[in-house]
Amino acid sequence: MPGIPLRNGGPAARIAVIPGDGIGAEVTPQAVKVLKAVAAPARRPLEFVELDWSADKYLRQNVSLPVGAVEMMRDEFDAILFGALGDPRVPSNQHAADILLGLRFKLDLYVNARPVELLDNRLTPLRDRSEKELRLMIFRENTEGLYVGVGGFFKKGTPDEIAVQEDVNSRKGVERIIRYAFEYARQQGVKRVCMSDKSNAMIFAHDLWQRVFKEVRQEYTDIDSRHLYIDTLVMELVRDPSQFDVIVTCNLFGDIISDLGAQLAGGLGLAPSGNIHPGKTSLFEPVHGSAPNLAGKGIANPLGSVLTSAMMLEFLGWKPEAAALRTAVRAALRENYATPDLGGDKHTVEVGDWLATKSAEALAQQHYK
Ligand code: NAD
Ligand code: IPM
Ligand code: MN
């Protein structure tokens, strides 16, 4: 999805690669291979540094996010390419919370950009919907809300147990993501922004979202803005997704609707995302998780990670290379050179190899034009 703000990188771009757990460790090397294939003929080098932060490391060394990791990311890398974290051997998901949420919060990656784009008509489960009717951007607030981990147990393990999880929303946090959504719409030349909350029930946290939205929208009278409660939004997304260009919502709702959006556009195997702070080190990951049911079978779809890499290249200012990756992904879909989740019979590595070749070809074609 174009329009991702640039990182003003140096002469070379340095990427930290965190493949993580399960299929994260299978799809990420494919994306790196594809990135290397387009970096080779490029203007400046892409440098990759792989980090083994994962459930394995957590279980072996009791290390999740290492000491100094945030500073290292901030100072030494332009972007992070992330796979997925989550392992049945860590039922608490502690390492994922420390690493993924830790990086989102500590790098202040307040924009979670999750584009929903139908790349091939036959991929949507919706009847009679075409590519141009399903192209929208979800902006998920990424540093606050129910994710901050404020709360606790009282009388844990007893029949009287109480569990509290606070929904933390700051004026600054709500305003910057809503403003970002409007700025993005303006920059992209799209007309419609929809803010979604549950202010009819969440009368404090989402009252703040309401008030901020009403205030900010007045500065963007060129944009057609509206509000939908989240329950209505999910219904409308299925009924008629063509009515949306940009959706902005809180952390938890954004998590949920981005999986819905992914499925509308062909499934989790295809969905990319960027965790962004404009101008600062940002983290790019497919929307899917570690899918333990698929791990080790060699059939995970790498396209989500490759489209994620295209988002990362745009953020780095590598537009032709990003376009080459997208061209290759479209070709794979058209020719059904795909993994079983998309009805194909190819393995993860086969698709990765094919995309690397096609991406390099697509880049060369652009140079001849
Ligand atoms: P999931 O996204 O891992 O998988 C859900 C289902 O989607 C899978 O069973 C599979 O059928 C399908 N799928 C997902 N990615 C695919 C791909 N690339 N190719 C083909 N099919 C794919 O969600 P889950 O099963 O709810 O979670 C599994 C673990 O992943 C949990 O530990 C969860 O916390 C974690 N998780 C991590 C991230 C992340 O690190 N960003 C995101 C979501 C879930
Ligand atoms: C995602 C994931 C994460 C989230 C989990 C793993 C904490 O589902 O990136 O969508 O909820 O943000
Ligand atoms: Mn999710």
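How many residues surround ligand 1, and which are the closest? In this predicted model, ligand 1 is surrounded by 21 residues. The closest of these are Glu285, Gly289, Ala291, Asn293 and Asn301. Sorted by class, the shell around ligand 1 consists of 11 nonpolar, eight polar and two charged residues.

Polar contacts to ligand 1 involve both backbone and side-chain atoms of the protein. On the backbone side, a polar atom of Leu85 is 2.9 Å from an oxygen atom of ligand 1, and a polar backbone atom of Ser290 is 3.1 Å from an oxygen atom of this ligand. Asn293, one of the closest residues, places a polar side-chain atom 2.8 Å from an oxygen atom of ligand 1. On its own, ligand 1 has 800 Å² of accessible area, and the protein covers 67% of that area.

The second ligand has its own set of neighbours.

For Arg104, an N or O atom of the side chain is 2.7 Å from an oxygen atom of the ligand. The corresponding distance for the side chain of Arg140 is 2.7 Å, and for the side chain of Arg114 it is 2.9 Å. The accessible area of ligand 2 on its own is 320 Å², of which the protein covers 75%. The space that ligand 2 takes is the largest pocket.

The protein is divided into domain 1, made up of 1-134 + 266-369, and domain 2, which spans 136-264. The C-alpha centres of the two domains are 24 Å apart, and the contact between them takes 31 residues from domain 1 and 30 residues from domain 2.

Note on methods:
Residues are numbered from 1 along each chain as its sequence is written. Chains are lettered from A and ligands numbered from 1 in the order in which they are written. This is a predicted model: local features need pLDDT of at least 70, side-chain atom pairs count only at pLDDT 80 or more; totals for chains, interfaces and linings use all residues. Side-chain values use heavy atoms; hydrogens and water are left out. A polar contact is a pair of N or O atoms within 3.5 Å; within protein, one must be able to donate a hydrogen and the other to accept it, and residues adjacent in sequence count only if both atoms are side-chain atoms. Accessible areas come from the Shrake-Rupley method with a 1.4 Å probe; for residues, only the protein chains shown count as cover. On a 1 Å grid over the protein atoms alone, a cavity is a set of points where a 1.4 Å probe fits but cannot get out, and a pocket is an open set with protein on both sides within 12 Å along at least five of seven lines; lining residues have an atom within 4 Å of a point. A molecule sits in a cavity or pocket if more than half of its atoms lie within 2 Å of its grid points. Domain bounds come from an automatic or database domain assignment. Contact means heavy atoms within 4.5 Å. A residue is near a molecule or strand if one of its heavy atoms lies within 4 Å of it. Ala, Val, Leu, Ile, Met, Phe, Trp, Tyr, Cys and Pro count as nonpolar, Asp, Glu, Lys and Arg as charged, and the others, Gly among them, as polar.
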